[in-house]
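This briefing covers surface, aromatic and pocket features of one model. Please have the sequence and the coordinates open while reading.

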Amino acid sequence: QNKDQVRQEMTTWLAETDKRIIDIHKTWDRVGIPKLTQAPTYLEPPLVEALTSLGESLIQSAIVLDEDNDCVMRALDRVKQKRRPSHKKEIKDSIHLEHYQELARQLNAAGFAQPVIFVSTNGADFWTDTNTPQYPHVDLRADMKAVNLLFYGSLEYALRHLQIIPGNHPPPLP
């Protein structure tokens with residue numbers, strides 16, 4: 001939905017990173033200790049294109065769930081009751097959540113033993129607070145727990161949980 005915005009954010013971040021690295025090298029030079037001969041640069045078209053391609057390949061490999069009327073009705077109920085993630089009367093996130101919870105229910109019923117993980121970077125609607133991306137908002141915890149759905153506010157934490165990338169992930173809620 002927002003590929004161009006994400007590309008711009010990534011480009012800006014890489015440009016800022018390059019500037020910071022150059023500033024660090026200049027600082028070392030100013031104090032009379034040349035650290036490296038040349039500061040590396042990261043804002044390169046091949047990196048931006050590779051990251052864009054990776055994101056597109058993930059989206060292309062996704063399986064799109066069919067719309068389920070019961071899920072949509074549960075999402076509408078969330079809007080009517082002003083329940084998260086529709087506490088601000090928006091429906092799209094509730095439709096996503098209800099379909100994902102239904103998928104988790106069906107996987108649980110079929111005996112699927114692997115973790116089912118829901119990731120959302122939408123801190124305003126899903127997180128405990130905007131500084132705590134690893135835990136769902138308290139208003140969502142019972143719904144997620146009922147279907148054994150693990151929540152992460154960042155793809156990095158989810159990938160760490162799945163041990164796809166190294167590093168620690170936040171412990172699950174008790």
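Predicted model: local features only at pLDDT ≥ 70, side-chain atom pairs only at ≥ 80, totals over all residues.

**Nonpolar surface patch**
- The patch covers about 590 Å² and is made by Tyr42, Leu47, Leu51, Leu54, Leu58, Val119 and Leu155.
- Leu51 lies in helix H2.
- With a relative accessible area of 38%, Leu51 is partly exposed, because that class runs between the 20% limit for buried and the 50% limit for exposed.

**Aromatic pairs**
- Four aromatic pairs are found when the whole structure is searched.
- In the pair of Phe118 and Phe126, the ring centres are 5.3 Å apart and the planes meet at 50°, so the pair is tilted.
- Phe118 and Phe126 are both buried.
- Tyr100, Phe118, Phe126 and Phe151 are linked into a cluster by ring pairs.

**Largest pocket**
- The volume of the largest pocket is about 2600 Å³.
- Its lining consists of 44 residues, and those nearest the centre are Leu58, Ile59, Ala62, Val119 and Leu155.
- Two or more lining residues come from each of these elements: helix H1 (3-30), H2, helix H4 (92-109), strand S1 (116-119) and helix H7 (155-161).
- H4 supplies the largest share of this lining, with eight residues.
- Leu58, Val119 and Leu155 are named both in the nonpolar patch and among the lining residues nearest the pocket centre.

Conventions. Residues numbered from 1 in each chain as written. Heavy atoms only, no water. Patch = residues over 30% accessible without salt bridge, like charges linked within 9 Å, V, L, I, M, F, W, Y side chains within 5 Å. Areas by Shrake-Rupley, 256 points an atom, 1.4 Å probe, with all protein chains shown as cover. Salt bridge = Lys/Arg side-chain N within 4 Å of Asp/Glu carboxyl O. Helix = DSSP H or I, 4+ residues; strand = E, 2+ residues; numbered from the N terminus. Buried < 20%, exposed > 50% of the residue type's maximum accessible area, 1.4 Å probe, protein only. Phe/Tyr/Trp six-rings, centres within 6.5 Å; stacked < 30°, edge-to-face > 60°. 1 Å grid on protein atoms, 1.4 Å probe; cavity = no way out; pocket = protein on both sides within 12 Å on 5 of 7 lines; lining within 4 Å. Points joined across faces, edges and corners; volume = space filled by probe spheres on them.
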